[in-house]
Amino acid sequence: MLEQTYYDKADEVIAEHGSDQAALIPIIQDIQTEYRYLPPELLTYVAEKLGINEAKAYSVATFYENFSFEPKGKYIIKVCDGTACHVRKSIPILERLYSELGLSAEKATTDDMMFTLETVSCLGACGLAPVLTVNDKVYPAMTPDAAAELIRELRGA
Amino acid sequence: MGYITINNRRVAFTDERNVLSVIRKSGIDLPTFCYHSELSTYGACRMCVVEDDRGRIFASCSEVPRDGMVIYTNTPRLQHHRRMIIELLLASHCRDCTTCAKNGICTLQKLSRQLGITEVRFENNKKQLPLDTSSDCVIRDPNKCILCGDCVRTCEEIQGLGILDFAFRGSKMQVMPAFNRDLAQTDCVGCGQCRAVCPTGAISIKQDVAPVWAALADKSKRVIAQIAPAVRVAAGDKFGIKKGENTLGRLAAALRRIGFDEVYDTNFGADLTVMEESKELLERLEAGDNLPLFTSCCPAWVKYCENRYPEFRGNISSCKSPQEMFGALLKEEARLERQKAEERGEDVKTTVVVSIMPCTAKKAEIRRPEHFTDGAQDVDYVLTTTEITRMIQEAGIDLAQLRPESLDMPFGLASGAGAIFGVTGGVTEAVLRRLTGSSREEDLEAVSFTGIRGVDGIKEAEIKLGERTVKIAVVNGLHCAQIVLDRIKAGEAQYDFVEVMACKRGCIAGGGQPVPIGPRTKKARFEGIYQIDNMSQIKLSNENPIVASVYEGILKGKEHKLLHND
């Protein structure tokens with residue numbers, strides 16, 4: 001069970017979008033923006049408020065890669081592995097970040113909840129390849145060393 | 001209205017909702033996984049593809065028939081497509097057919113044989129997923145799921161529950177409850193309708209065959225069977241017996257041959273239910289509280305009401321269901337016999353009650369705390385029609401070849417009112433017969449023509465009982481129950497008596513019945529039940545002489561304890 005403030009926040013978001021069933025996605029998006037993840041309890045709560053079967057809401061939330069039921073770190077790093085970034089050597093960047101952060105394809109978030117590392121299929125910034133984003137800020141023309149340096153900066157910040 | 005040319009033959013169509021129905025009407029059994037006439041059209045399996053005269057390929061389930069259409073159903077391109085679909089499905093499917101619960105009745109197996117699939121070129125790299133065996137009623141095996149979504153749509157559209165849905169995407173897609181919870185942790189009511197439509201072994205009946213074999217082999221046990229009304233019109237399905245034919249006599253013969261000591265009729269239990277439930281209705285009408293009275297025969301409905309409409313819990317009849325009334329009575333009789341034997345210093349066999357039921361939810365019902373007496377279950381095991389079919393087959397018995405035998409006395413005698421418990425409207429009709437109290441043909445007809453018969457999801461009727469007009473609703477399918485309950489809640493509808501059966505058309509289409517249960521099968525079973533009633537000499541439960549004798553004998557002073565929940 002989450003603290004009451006979570007449910008209050010959900011009520012606030014629902015009030016903003018209305019409790020029409022079509023508002024499910026924008027509502028859970030806003031909740032995810034607030035908490036950097038979608039607490040499962042809140043999905044259940046929102047589904048009930050909107051009169052959607054819980055299984056249907058779960059179906060929607062799992063369909064989109066964007067929604068996460070796991071809490072994410074303070075910095076969400078998305079390494080682009082689209083075609084352009086891939087041929088310009090995005091994988092070595094990813095591997096360097098894995099080793100710097102002690103993460104893997106199975107473990108996406110550091111234990112101190114500072115970093116979450118994900119890959120995405122294209123960020124639409126192919127001219128800047130290879131590219132990564134940190135909390136939606138774009139870092140162009142990355143190298144493994146630059147990425148490691150970036151992590152050090154973020155840790156220091 | 002118009003004509004379609006199917007494989008160079010002209011076929012007339014009227015109001016068919018899609019091309020597939022027209023094709024099937026013309027006698028071509030086009031294969032499908034995801035099409036059920038009672039569900040919305042999903043169009044996912046693509047097995048029903050047809051080709052038109054311009055070489056365009058489309059799914060016939062999702063196309064409205066138009067006059068002048070020219071289509072072909074079995075061109076080389078279509079054959080190629082269908083084979084490829086099957087091959088791809090098989091590529092990621094568990095292929096242990098010999099040990100699968102659906103062996104022999106699996107649509108995937110049937111179609112791969114029908115379409116001549118002899119090899120699968122692709123490697124199966126799907127990870128083995130764990131089974132969900134948490135429910136007392138059904139088992140979910142995600143490894144055998146082909147994602148046709150039949151269970152998803154049945155659970156949502158027919159039952160209004162929406163326990164199952166798709167989760168994840170693409171090659172990771174699965175059908176599961178929210179957050180992949182165990183079924184036992186959801187609002188699942190165990191109706192088994194998902195299993196009835198599942199074309200593969202992804203959802204199957206929780207089997208209780210093994211402990212029943214063990215009890216039958218145990219010399220220290222007296223094993224009693226009671227056969228539910230809907231079982232007798234479906235048990236012949238896998239033995240080539242005409243659909244809907246009453247196989248009760250042959251079932252009795254088969255059950256004795258596989259070792260049951262006594263074979264009785266759950267219709268007798270239903271007669272007891274009629275007696276108690278009509279009494280309860282009169283009492284509530286008199287007192288004017290807890291109306292409407294809801295029937296309690298269907299355990300899936302009872303669970304649904306408890307889960308989703310707890311405010312109506314007090315409206316549910318306190319009567320046990322027929323199988324439980326009968327189970328409690330049989331066990332009470334056994335206790336008295338044991339006492340007598342012990343006084344004489346004799347040994348007595350332990351009584352085991354096995355219910356043969358069309359229903360998976362009955363498996364959960366017998367485990368509810370109110371159905372225990374002195375720590376022992378009133379009914380020990382529930383076998384579905386499908387399981388008893390398997391046991392009969394396992395014993396090498398062909399039901400079709402057996403000579404019918406009569407049931408054992410005294411509890412083998414039941415009225416026609418008990419028989420019609422197997423269809424929607426039956427409980428109501430049986431109770432009304434009792435309350436009008438007349439077995440004159442015109443009076444019986446007057447009851448049957450009030451509007452309570454038929455297959456509609458919600459039926460309403462009014463009948464005069466003395467001075468009072470009693471308002472009745474008869475509901476089948478839990479989605480319809482939801483509609484009726486919401487209307488009652490909102491004050492838009494008022495009833496005195498509401499019968500609910502969770503499954504469409506009632507128990508004849510229960511989740512434990514032999515599959516496939518298509519529209520023709522349902523119709524034959526439906527008519528079969530009324531045929532049994534027509535043939536019964538006794539139409540009213542209170543006219544069953546055995547009912548009178550148990551009220552005078554074993555039940556005396558214990559009616560409430562044995563026949564009601566507190």
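Predicted model: local features only at pLDDT ≥ 70, side-chain atom pairs only at ≥ 80, totals over all residues.

**Chain B, piece by piece**

Modeller: Let's start at a helix end.

Colleague: Is α4(B) mostly covered or mostly open?

Modeller: Mostly covered. The helix spans residues 150-158 of chain B, and eight of its nine residues are buried. Among them are Cys151(B), Val152(B), Arg153(B) and Glu156(B).

Colleague: What do those buried residues pack against?

Modeller: Five elements of chain B: the strands β7 (164-167), β8 (174-177) and β9 (203-205), plus the helices α5 (193-197) and α16 (478-489).

Colleague: And α12(B), what follows that one?

Modeller: Gly396(B), with a positive phi near 75°. The helix itself covers residues 385-394, and its buried residues are Thr385(B), Thr386(B), Glu387(B), Ile388(B), Thr389(B) and Ile392(B). They pack against β9, α6 (209-217), α7 (248-257), β13 (350-357) and β16 (381-384) of chain B.

Colleague: Zoom out. How many helices and strands in chain B?

Modeller: Chain B has 19 helices and 19 strands. Its radius of gyration is 25 Å, close to the 24 Å from the globule rule for 566 residues, so chain B is as compact as a globular protein of that length. Along the principal axes, its C-alpha atoms fill a box of roughly 80 × 55 × 50 Å.

Colleague: What share of chain B is buried?

Modeller: 49% of its 566 residues. Take the contacts in chain B with a separation of 6 or more: 73% of them join residues 24 or more positions apart.

Colleague: Which residues touch the most other members of the largest nonpolar core?

Modeller: Val46(A), Trp301(B), Val354(B) and Ala502(B), in a core of 178 residues. Another core lies apart from it, with 19 residues, including Tyr75(A) and Phe115(A).

Colleague: What does Val354(B) touch, beyond its sequence neighbours?

Modeller: Leaving out residues up to four places away in sequence, Val212(B), Val223(B), Ile224(B), Ala225(B), Asp380(B), Tyr381(B) and Leu383(B).

Colleague: Where does Leu383(B) sit?

Modeller: In strand β16 of chain B. Leu383(B) is buried, because 25 other C-beta atoms lie within 10 Å, and the cut-off is 20 or more. Beyond four places in sequence, Leu383(B) touches Asp208(B), Val209(B), Val212(B), Val354(B), Ile356(B) and Ile388(B).

Colleague: How do β18(B) and β19(B) pair?

Modeller: In the parallel sense, over five bridges. Ile472(B) stands opposite Phe497(B) in β19(B).

Colleague: Last topic, the contact between the chains. How many residues from each?

Modeller: 12 from chain B and nine from chain A. On the chain B side, β7(B) gives the largest share, four residues. By class, that side has eight nonpolar, one polar and three charged residues.

How values were computed: Residues numbered from 1 in each chain as written. Chains lettered and ligands numbered in written order. Helix = DSSP H or I, 4+ residues; strand = E, 2+ residues; numbered from the N terminus. Rg over C-alpha atoms; globule rule 2.2 N^0.38 Å. Buried ≥ 20, exposed ≤ 12 C-beta atoms within 10 Å, placed from the backbone. Contact = placed C-beta atoms within 7 Å. Core = buried A, V, L, I, M, F, W, Y, C linked by C-beta atoms within 7 Å. Nonpolar A, V, L, I, M, F, W, Y, C, P; charged D, E, K, R; others polar. Pairing = 2+ DSSP bridges.
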